[in-house]
Amino acid sequence: MFFIFWLIVKLLDGCIYMIAEYTKTLIRELLHLFGYLLDLTINFILYFFKSSAERLFETSSSSGFTLTKSSSHTSLFNSNTDLSSLVDDFDETDDNKKGIAEGFSRATKKPDSFRRIIEKALKKRKAAAPSIINNNASNQLAVNNNTFSVRDINIAPFTSQYATPIVNISVNSPTIENGVINLQTPSVGSTTDSEQWIDYDQYDSTFDDQYDIKEDMKLINEEQGLFYKIIKGCRDFILWLNMLVIYVPTLFRRSIKTNNTSFETEKVHLYEKKSTGLLEDLFDAIFVFIDELAKSARYFIRFQFRNWFTTLKESFSLFKISNFLSTGLIDDRSINQVIIDNGFESKTYYCATEDGYKVQLNRIPNRKSKTVVYFQHGILDSGFAWIGSNPNAGLACAANGYDVFLGNLRGYGLAGCHGKHKNPNITKREYWDFSINEHAFYDVKAFIQKIRALKKKELGNEDFKLIVVAHSMGAACTLAYMSWEKANNREHYIDKAILLSPAGNHQKIPRLLYYLSFTIPIIRRLPFWNYFGFTSKTKKILASKLIQDINNHSATKSLLSALISKLILGGMSMNNPFGYVHNLVYHTFNATSVKVVEHLIQISKSGIFQAYDYGKRKNLEVYGTEKPFQMYDYYNKLDIPIYIVYADDDRVIPKQCVLRHFKELQKYHPNTVHARKFKNIGHLELTLSSNDAVIRYILKILSDP
């Protein structure tokens with residue numbers, strides 16, 4: 001009897017094990033299938049997104065009428081093309097000739113009709129000379145900012161007799177008179193016979209995602225076949241049978257006790273802390289939950305009800321929200337810890353501003369250095385921007401012997417002094433009542449005063465240089481601070497400034513931000529909405545985990561990079577820092593007040609780099625005039641070397657907005673104000689994406705006397 005009971009328990013153990021393992025395997029397979037379908041869907045989205053972006057770029061860059069890539073004796077149009085002779089090549093009937101001629105004359109009014117006429121005519125030309133037509137060719141024909149895809153006109157060089165020079169015809173203002181197209185060609189350029197006929201854009205198009213999508217579609221069609229399902233079912237049955245055969249002998253073995261080795265001791269670099277996504281944690285919890293349920297079931301069939309209840313209770317506790325939002329599975333290292341982990345000393349100071357706030361200043365000290373480099377971040381950012389990626393400007397300067405300081409503007413939620421004020425009874429709305437004025441006139445000033453006090457104490461004199469490296473809004477704050485100090489006949493104590501994509505001119509902003517700007521006046525009046533961004537660790541952890549979930553899948557990671565790069569930041573998708581700086585979100589998206597955003601909108605609407613506009617009455621109290629204080633009025637007094645760096649593909653602050661600062665400063669200081677452009681990079685590639693060329697340029701300026 002005992003043997004039968006023991007055998008039944010063992011068999012039930014086996015069944016429980018099989019059910020648990022089969023359930024986990026089923027979940028994994030479903031996740032793989034979902035990931036595959038997600039990858040396929042996003043590939044479609046990226047393909048059409050890429051195609052639409054290219055068409056949009058071509059349309060926006062075209063003006064008038066442009067026709068490119070045609071041989072001299074087979075070109076579609078010449079400088080003066082007789083429409084009747086052109087139509088003769090396409091069709092023999094007079095009706096069709098007349099219809100095509102009328103279609104050309106209506107091209108600027110009905111582009112869709114023009115496209116159909118062109119394609120119809122080219123198909124007939126293809127039929128007339130099938131031996132020399134490349135079926136994969138594609139050309140672009142643009143008429144009055146309307147781009148048409150003209151296919152089947154690429155003449156491939158199959159024999160030497162067709163290897164005639166390529167003629168590029170660029171036309172600005174076409175006219176049609178008496179059936180003749182006058183293209184008014186300004187210049188005609190042709191290649192030499194020795195040059196190859198290669199359309200690089202066309203060659204690149206053969207390597208797009210469409211080929212992979214077609215192959216993936218074939219796989220889906222194969223999976224839908226009955227024969228394939230039968231084969232897959234037989235394969236699964238054999239696998240489960242083998243698993244059962246392997247598992248049965250283990251039922252009669254004693255468990256082997258092993259010494260569990262901590263994962264932390266196995267890591268090569270102990271300071272590397274892996275970050276996991278929210279969904280990743282959820283599925284891990286589900287797998288552990290299944291194992292715990294199986295364990296409780298084994299207790300139950302052995303009539304160990306106390307252990308069964310305890311295990312069951314513990315299994316459901318796995319889904320507590322606190323388990324998913326803890327710092328145990330996120331890289332929550334502070335700025336200090338990141339600096340220390342990279343082999344440098346780190347210090348933290350809390351600076352008191354004149355209006356009663358506390359702001360954090362981080363330091364990578366080199367106390368004997370006579371050159372201080374003070375880095376100032378932009379909006380929604382922190383000092384992490386200068387040391388978070390690899391390589392980075394902050395640690396590069398420290399490695400070259402400079403005394404490095406990293407300022408963190410008010411609103412940095414991870415600062416030890418965040419929320420502190422000299423007035424202990426200050427309300428939340430009063431605390432967040434600040435604009436760029438306060439960042440520039442108080443925060444930057446407090447940082448510079450603290451740096452000067454430390455260096456004077458360490459060196460015993462004032463024989464040192466203070467150089468500012470600032471980005472975006474931080475650069476605008478630097479310019480505003482210097483202008484404000486000069487307006488009040490005070491020294492700003494800055495010896496040199498390197499301004500990376502400085503804000504302050506926003507005549508052109510991303511369309512997405514433009515539409516969002518209409519909501520700011522409403523949000524400003526809401527009593528519960530005082531800031532944008534994250535201030536608490538819980539919110540930062542949640543945002544970090546969601547971004548990590550996106551980065552865990554290559555398709556969603558590519559989609560996120562494409563959207564951020566193309567719609568907001570600019571630059572190349574592969575250099576998007578959200579894809580490879582794993583603790584980036586935890587340190588960015590720091591809070592900034594609604595009033596700061598409102599101030600930026602005021603600047604955008606006025607077209608002038610000015611202080612916050614309180615209204616005529618309060619402007620008189622604060623600035624002494626009815627109009628806000630304008631920084632441009634004191635650019636003539638900024639007589640220090642200023643280096644303005646901008647990105648060619650910056651979509652947050654386009655280059656024409658950045659160069660407005662350069663233009664205004666050059667009026668007064670043509671010999672000390674410089675501008676440098678970096679091609680094919682976006683807004684964040686000046687800091688977090690750590691472009692090597694930008695870092696080398698900063699180090700070069702620092703080394704100059």
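Below is a chat about a predicted model of one protein chain.

Biologist: Hi! How many helices and strands are there in the chain?

Modeller: Hello! The predicted model has 25 helices and 18 strands in its chain.

Biologist: And what share of the residues counts as buried?

Modeller: Of the 705 residues, 43% count as buried. As for contacts between residues at least 6 apart in sequence, 75% of them join residues at least 24 apart.

Biologist: Let's go inside. Which residues touch the most other members of the largest nonpolar core?

Modeller: Those are Phe375, Ile387, Ile498 and Phe609, in a core of 110 residues.

Biologist: Pick Ile387 for me. What does Ile387 touch?

Modeller: Leaving out residues up to four places away in sequence, Ile387 touches Ile335, Val338, Ile339, Ile364, Asn392, Gly394, Leu395 and Leu406. There is also a second, separate core of 6 residues, and Val9, Ile16, Ile290 and Ala294 are among them.

Biologist: Ala294, okay. How far is Ala294 from Cys15, in sequence and in space?

Modeller: Cys15 and Ala294 are 279 residues apart in sequence, yet their C-alpha atoms are 9.9 Å apart in space. Cys15 is in helix 1, which covers residues 2–61.

Biologist: Is Cys15 buried, exposed or partly exposed?

Modeller: Partly exposed, because its relative accessible area is 43%, and that class runs between 20% and 50%.

Biologist: Switching to helix 16. How many of its residues are buried?

Modeller: Helix 16 is mostly covered, with 14 of its 15 residues buried. Spanning residues 473–487, helix 16 reaches 21 Å from its first C-alpha to its last, close to the 21 Å expected.

Biologist: What happens just after helix 16?

Modeller: Asn489 takes a positive phi there, of about 60 degrees.

Biologist: Why point that out?

Modeller: Because most residues other than glycine have a negative phi.

Biologist: Where else does the backbone do that?

Modeller: Leu380 is one of the places, with phi near 60 degrees. Leu380 sits in the loop between strand 11 and helix 13. Phe589 also has a positive phi, near 55 degrees, and lies in the loop between helix 21 and strand 16.

Biologist: Which residues does a cis peptide bond join?

Modeller: Asn390 and Pro391, with omega about 0 degrees. Pro391 lies in the loop between strand 11 (371–376) and helix 13 (393–399). In general, most peptide bonds are trans.

Biologist: Now pockets. How much space lies in the second largest pocket?

Modeller: About 1500 Å³. Its lining has 47 residues, and Ile379, Leu380, Leu513, Ile568 and Val652 lie nearest its centre.

Biologist: What about cavities? How many of 30 Å³ or more are there?

Modeller: The structure holds 6 of them. The second largest cavity has a volume of about 80 Å³. Among its 14 lining residues, His377, Leu380, Leu409, Arg410 and Ala591 lie nearest the centre.

Biologist: Last one: what does Thr592 contact?

Modeller: Setting aside neighbours within four places in sequence, Thr592 is in contact with Ile379, Leu380, Trp432, His439, Tyr531, Phe532 and Val597. Thr592 lies in strand 16, and counts as buried because its relative accessible area is 5%.

Biologist: Great, thanks for the tour!

Terms used. Residues numbered from 1 in each chain as written. Predicted model: local features only at pLDDT ≥ 70, side-chain atom pairs only at ≥ 80, totals over all residues. Heavy atoms only, no water. Core = buried A, V, L, I, M, F, W, Y, C linked by side-chain atoms within 4.5 Å. Buried < 20%, exposed > 50% of the residue type's maximum accessible area, 1.4 Å probe, protein only. Contact = heavy atoms within 4.5 Å. Helix = DSSP H or I, 4+ residues; strand = E, 2+ residues; numbered from the N terminus. Expected span 1.5 Å × (residues − 1). 1 Å grid on protein atoms, 1.4 Å probe; cavity = no way out; pocket = protein on both sides within 12 Å on 5 of 7 lines; lining within 4 Å. Points joined across faces, edges and corners; volume = space filled by probe spheres on them.
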